[in-house]
Amino acid sequence: MLTGRELSRFRKQLLGWFREFQRDLPWRRTRDPYRIWLSEIMLQQTRVAAVIPYYERILEKFPDVSALAEAPQEDVLRLWSGLGYYSRARNLQAAAKEIVSKHHGKFPQELQDALALPGIGRYTAGAILSIARGAKLAVLDGNVARVLARLGAVRGDLRESRRWGSLQKTADGLLDPKSPGEWNQAVMELGATVCTPRAPQCFLCPVAKFCRARKLGIAERLPEKRKKRETQDVTIAAAIFLDSHGHTILLPPPRTKRAHAQGKELAPLVSNLWHFPAMEVRKDPSRELQRHLATLFPKLSSRSLVLEPLPKARHAVTYRNVTLLPFRVSVAQLPDHAGAKIVLIADVCTPASHAVSSLTRKFARAALLRKQSLATSA
Ligand code: SF4
């Protein structure tokens, strides 16, 4: 841990670099806690370039916390559609409602109050309160931990609780109390642009002379790899009903408990959003799907349904490798189902038009491509 003049020099170097070279990002042009909070939630597990258009679209529609709190959840999910990790959007809106009802529409000032909001952990609360309100709270996430581990040549699994606790203490000790928000952003920026997971660019690093991993020649080997959770192979078959006008049927978000009871863990895979009639299949996809359709649509004569297999696709979600088996089902009239909605298949492929996951969008694209190739060959 650096102290005294060395610590002052370290802070000066890093802040000087950040002030000169930081990227111009939309959420850096504001001190509004709502906008900073929104960006922090969106940036979890998601790249900056992917976040920017979503951030701008959501702010245009919901310019403040009250607008977000009052919006139908469907609208929020629709605008979030394609960004993934949909619990973030649900928590964001639940927190907005609490901010309106318990905090008069203002983001809380105190750490404990911020931590009590849905979807806000220590990192996010620290980032918002330091950047928007100047609170002296050092942040620690995977990005910051990597930088600190390299600076101090820390070995082992960084997420192991004692090691994580010690990294938090290091982060607390390094924090510049005069500019905590800027300091946190500077460390994050260093991790995002210079001290990157692969091939850190030490020759560009403003704090290279303080870095133990660089001195020892082990920067690229840190942090050491964690044990990975074993990947699971899952196969999902979906029926994409299509009528002659290009309409299809989407089912409402599955109820997790019921889906689990049926042994079909569909809910997490479709992110609890609108989806095609689908199920996890094991041995005989078309027959299993046919039986599932007979249960879903009892009035439909499942024997008369022709399930036309479309090219399969792949989808990766955290530790799952998902094989997607789309089946096109051409019908004169779309079947009835409580709570279902009839939509244009082309719209399901368009970001922000429906609250669907990227998995559902891949299914839709398969059906649309087939429809277009049939139209071309006709
Ligand atoms: Fe990271 Fe290299 Fe800078 Fe060390 S010198 S902090 S490893 S970029």
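**Asp64**

I started with Asp64, which is found in the loop between α3 and α4. Helices here are DSSP runs of H or I with at least four residues, strands are runs of E with at least two, and both are numbered from the N terminus. The model is predicted, so I note that local features need pLDDT of at least 70, that side-chain atom pairs count only at pLDDT 80 or more, and that totals for chains, interfaces and linings use all residues. Residues are numbered from 1 along each chain as its sequence is written, and side-chain values use heavy atoms, with hydrogens and water left out.

Asp64 counts as partly exposed at 37% relative accessibility. The classes are buried at under 20% relative accessible area, exposed at over 50%, and partly exposed in between, with a 1.4 Å probe and protein chains only. A polar atom of the Asp64 side chain lies 3.2 Å from the backbone nitrogen of Ser66. I take a polar contact as a pair of N or O atoms within 3.5 Å; within protein, one must be able to donate a hydrogen and the other to accept it, and residues adjacent in sequence count only if both atoms are side-chain atoms. Pro33 is 31 residues from Asp64 along the chain, and their C-alpha atoms are separated by 10.0 Å.

**Whole chain**

I logged 17 helices and seven strands for the protein. Of its 378 residues, 49% count as buried. The C-alpha atoms fill a box of roughly 80 × 50 × 40 Å along the principal axes. I then looked at contacts, meaning heavy atoms within 4.5 Å. Among those between residues at least 6 apart in sequence, 65% join residues at least 24 apart.

**Helix α5**

Which residues of α5 are buried? In this helix, residues 73–80, they are Asp75, Val76, Leu77, Leu79 and Trp80. I found these buried residues packing against α2 (33–43), α3 (48–61), α4 (65–70) and α6 (87–102). Gly82 follows α5 and has a positive phi, near 105°.

**Asn184 and Ser130**

Asn184 is found in helix α11 (residues 180–193), and Ser130 lies in helix α8. Asn184 is buried, with a relative accessible area of 2%. Ser130 is buried too, with a relative accessible area of 2%.

What does the side chain of Asn184 reach? I get the backbone nitrogen of Val139, at 3.2 Å. For Ser130, a polar atom of the side chain lies 3.2 Å from the backbone oxygen of Ala127.

Leaving aside neighbours within four places in sequence, Asn184 is in contact with Gly126, Ser130, Leu137, Ala138, Val139 and Leu175. On the Ser130 side, with residues up to four places away again not counted, I list Ala135, Leu137, Pro180, Gly181 and Asn184.

**Largest pocket**

I ran pockets on a 1 Å grid over the protein atoms alone: a pocket is an open set of points where a 1.4 Å probe fits, with protein on both sides within 12 Å along at least five of seven lines, and lining residues have an atom within 4 Å of a point. Points are joined across faces, edges and corners, and a volume is the space filled by probe spheres set on them. The largest pocket has a volume of about 1800 Å³. Its lining holds 43 residues, and Gly142, Asn143, Arg146, Arg159 and Pro197 lie nearest the centre. Elements giving two or more residues to this lining are α2, α8 (122–133), α9 (142–151) and α11. The largest share, five residues, comes from α9.

By class, the lining divides into 17 nonpolar, seven polar and 19 charged residues. Ala, Val, Leu, Ile, Met, Phe, Trp, Tyr, Cys and Pro count as nonpolar, Asp, Glu, Lys and Arg as charged, and the others, Gly among them, as polar.

**Ligand shell**

Around the ligand I list Arg150, Leu151, Val194, Cys195, Cys202, Cys205, Ala208, Cys211, Arg214 and Ala219. The criterion is a heavy atom of the residue within 4 Å of the molecule. This shell has eight nonpolar, no polar and two charged residues.

Most residues other than glycine have a negative phi, and most peptide bonds are trans. I noted exceptions. Gln45, in the loop between α2 and α3, has a positive phi near 60° and counts as exposed at 65% relative accessibility. Ala199, in the loop between α11 and α12, has a positive phi of about 50° and is partly exposed at 44%. The peptide bond from Leu222 to Pro223 is cis, with omega near -5°. Pro223 sits in the loop between α12 (212–216) and β1 (232–242).
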